Structures are given as structure tokens and as C-alpha cells.
Amino acid sequence: MLTLIGGAAVLALILFFAVRNYAVQVAQQGQDTILDASVTSMLDAATIQDGTVELDLPYAAFSMLATSADDRVFYAILRDGKFLSGYEELATAGNFLPDSPVFQTSQIRGAPVRTISASRTLIGANERVDVQIFLAQTQDALSETLDQISRNAALLGVGFFTLAAVLSFWATSATIGQLGKLTTSVTRRGPQDLRPFTKPVPREMVPLVSSLNSLVGRLDQSLTQSEDFIAEAAHRVRTPLATVRSYAEATLQRVDKEENREAMRSMIKAIDESSRAAGQLLDHAMITFRADHLERDAIDLTELVSDLAQRLAPIAEMKDLSIALRGDPHVPYSGDPVLLQNAVRNLIDNAMKYGPAESSIEITVSGKPKPQIMVCDHGPGFPENEIETLTTRFQRGANATDSIGSGLGLTIAQDVAMAHGGGIHLENRLEGGACVTLSL
Ligand SMILES: Nc1ncnc2c1ncn2[C@@H]1O[C@H](COP(=O)(O)OP(=O)(O)O)[C@@H](O)[C@H]1O
Ligand SMILES: [Mg+2]
């Protein structure tokens, strides 16, 4: 924009000087034409009689020189180069040039004047006489006109400049504005958002946007492929593992030797661990996919959590755990029920896993200030120094060495919360036990 405005300023200056220069020329030509006509009519009036030059100054010669500014007129008449009449300083100031008429710009009595000199040869009975006339006029009216023309030219220049500045502002903001909008929409995108850009852009930017879109498309495709691959791989591992586990279980029944039984139990534990990890991987892939294409259904969070609690109650009972549901009776929300159930399930799983037997798990669902689900237990709580990192993928705490797990549970809960525009918060209660708050 500055370049365009700078260019407009230079053009406006050039315009100003060009117009003024032209006006000066035209005005000067006008004055010269009148001076010429005037001096010609004076020369016409000159006669010679018996060797004497006679000149009756014609009234018209002066009246045609009248101006609005009352400019003064000077004249000098010479015979063969000798001063006869008029202002002598004019005759000496202007130098005689034989080719007539000659125009000059000079000064008389401190005022700038335009001077013409012209001559005529008079032929008498027996002589030839050269009559020369100098005629000068001050330039007050002319400079007044020029001042006016300069003012108008300056106004024209300023107007031209303003118009050009407005136009360049408009032109630049029209182009840069579109680029800025595109930049904002690229910047505002979440890390998971790989949809193509569909907002209309000027024709010049279409190639940029389409190459951006094709890049995003390829990225999306390769991400989907790797998610698919993980899901497929996890599924293929989980199925045979289930078979192996049932064989191991059956074998355990038949083995009597204590050391063999111990080996079988470790084997079953390792199998459980692998299939749990495969299941979590599958969940994680599913969640990444669904979070990308988040569906928002109208649901009741309290209802969703109590359904889940009921389904998990038998598993909890095996460990003599009870699940208590508190909070608002109805919390309407719009979100993906599959994802939300999966997230809460992981939190309850953790509470059952890390909480001591014969205790209770407390779940609080609240709608204000924002929709929240809090899962608390009476276990040892999170290892204080690891609390920041436990939501990272595959990160397990120091307290988890004896239990089966993959380190993906909190990651899944966090991904789900973030897909719904929220997050999770881990804390240890003062009275003991861990609390995870999932806010949406
Ligand atoms: N309720 C809890 N009480 C104590 N520690 C917990 C609790 N929930 C999670 N943790 C800690 O956070 C870690 C990460 O949890 P998670 O991502 O669910 O993985 P996993 O349960 O498979 O180990 C766990 O390994 C454990 O150390
Ligand atoms: Mg877990």
C-alpha cells in the first residue's frame, strides 16, 4: 500500500508541475500576441515627411494592453538607433536586434516586464530611415492568473493523490484481506482438523488453496491409513489371544504341580495384559477417528453415567467395591455418547483397579458452571511427582507395576474431553484417594 501511495504522490507532483508549466506557456503567449499587435499598430502610424519622422501614437495600441491588474506600459521610439521619445532606460536596457519582433523578459524600475522590440524602414523622397520601437508591459495580471492556475493545479494534484490513496487502500485490503482470512482460518484449525478449505477466495488464490487442500487431503489419508492399520493390527492380535487365554485357563485346571500352576498364572496375566493393551489401542484408534468427525447427539450425562455404573456394578462387586452416583439428576449435553462412555469407563476402571477392596467409588455429575464428571476413589492416589505426565500416551505410574494396563486410559479420557472442547484434571484428595475431573 505504501508503494502504491508513494507512486501516487510522485504522479501527483508531476501532474502539478506539468499543468503549471503548460499554463505559464499559454499565458505568456497571450501577452506576447497582444504586445505584437500593439507594436505593429504603432509602427504602422509612423510616417516620414521632409526627413522628419512623425508618429501619432494610436489610442488602440494602448487600449488593447489594458488588463484587470492595471499593468503599466513603457515604450521607447528610436530613429536609426538614436533615442527619440518615451522611456530612455527601456531603449538602453533592451539591446537592439535587427530581426523583429524580439521578445525579452527583463526589469524596469524594479518590476519584471515583458518587452517587445520591432522595427520598420521608412522610405522618404531621398532617404531611408529605420524606426524602432520598444514596448514593455509589467506582468501583474499574468502572475495573478498564474497564481490562480497553480492553486487549481495543486488542488487537482491533492484530489488525484487522495483518490489514488483511497483506491490503493481498497485494492491492497481486498487482496491482502483475503490472504489474511485464509491465514486466520488455517491458524484457527485444531490439530485434528484436516477438512479441506472451502471458503471462496479470489481467482488468483485458487491454485494456492487447492494445493493446500491437496496437501491436507494426503495428510488426512495417510493418518487415516495408519489409524486403520493400528485398529486392524490390534484386532488381529486380540482374537488369537482370547483363544490362547482360554487354552491356558483350561490347562491351569489340569495342572497340579504348584510351580507349573504359578507359571500358568503368570502366562495368563501376560496374556491379559497384551489383550488389554490391544483393546485400549483399538479404543484409542476408534476415539481418534470419532473425535475427528465428532457427532453431537442430545444426551443426558447423568443417565449415561448411571447406565455405565450399572453395567460395571458386577465387576465392582467381585472386588467388594460399591459405585455411588451423586450430583444433578439431569445434565443435558450435546456430544458423542460412545466417546463419553468410553472415557468415563476408563476412569471407573482406574478407580476399581487402583482403589482398595471394600471401599466406594464416588461419581459426581454436575451441569454448572460447565458440564463435569468427577470420579473419585479411596485408594493411594496418584504418585505426586508424576501427576503432570500420567495423561501422556503409554505413561504408567510407579504405583501401577502390579496391575494390568497399557497407559492409554487417561490419554483416551483426555482426548475425548478435548474433542468436546474441554479437558481432564487429576488431583489427590486431602482425605486420601484420587479424583479425576472430566470437564466438557
Ligand atoms: N485412580 C487412580 N489412583 C491412582 N493412580 C491412578 C489412578 N488412575 C490412574 N492412575 C495412575 O495413572 C497411570 C495412568 O493411567 P492410565 O492411563 O489409565 O493407564 P493404566 O491404567 O493402563 O496404567 C496409571 O498407571 C496409574 O499410575
Ligand atoms: Mg487405566
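How many salt bridges does the structure hold?

Reply: The structure holds 12 salt bridges, a salt bridge being a side-chain nitrogen of Lys or Arg within 4 Å of a carboxyl oxygen of Asp or Glu. The model is predicted: local features need pLDDT of at least 70, side-chain atom pairs count only at pLDDT 80 or more, and totals for chains, interfaces and linings use all residues. Residues are numbered from 1 along each chain as its sequence is written, chains are lettered from A and ligands numbered from 1 in the order in which they are written, and side-chain values use heavy atoms, leaving out hydrogens and water.

One of these contacts joins the side chains of Arg-265 and Glu-262, at 3.1 Å from N to O. Both residues belong to helix α6 (residues 258–292) and are 3 residues apart, about one turn of the helix; helices (H or I, at least four residues) and strands (E, at least two) are DSSP runs, numbered from the N terminus. Arg-265 is partly exposed, with a relative accessible area of 35%, and Glu-262 is partly exposed at 43%. The classes are buried under 20% relative accessible area, exposed over 50% and partly exposed in between (1.4 Å probe, protein chains only).

Asp-349 takes part in two of the contacts described here. With Arg-276, the closest N and O atoms are 3.6 Å apart. That pair links distant parts of the chain, since Asp-349 lies in helix α8 (residues 337–354) and Arg-276 in helix α6, 73 residues apart. With Arg-345, the closest N and O atoms are 3.5 Å apart. Here the two partners are 4 residues apart in helix α8, so about one helical turn separates them. At 12% relative accessibility, Asp-349 counts as buried, whereas Arg-276 is partly exposed at 26% and Arg-345 is partly exposed at 33%.

Salt bridges that share partners also join Arg-326, Glu-362, Arg-429 and Glu-431 into one network. Of the 7 residues of β11 (residues 360–366), 6 are buried, so the strand is largely enclosed by the rest of the structure. Strand β11 is also joined to β12 (residues 372–376) by 5 bridges, running antiparallel. Val-365 stands opposite Ile-373 of β12, and a hairpin of 5 residues connects β11 to β12.

The wider layout can be stated briefly. The chain is divided into domain 1 (2–147), domain 2 (191–293) and domain 3 (294–440), with bounds from an automatic or database domain assignment. The C-alpha centres of domain 1 and domain 3 lie 106 Å apart.

Ala-153 is found in helix α4 (residues 140–188) and counts as buried at 2% relative accessibility. Leaving aside neighbours within four places in sequence, Ala-153 is in contact (heavy atoms within 4.5 Å) with Phe-16 and Val-19. Ala-153 and Ser-210 are 57 residues apart in sequence and 49 Å apart in space, C-alpha to C-alpha.

Terms used
Two strands pair if DSSP finds at least two bridges between them.
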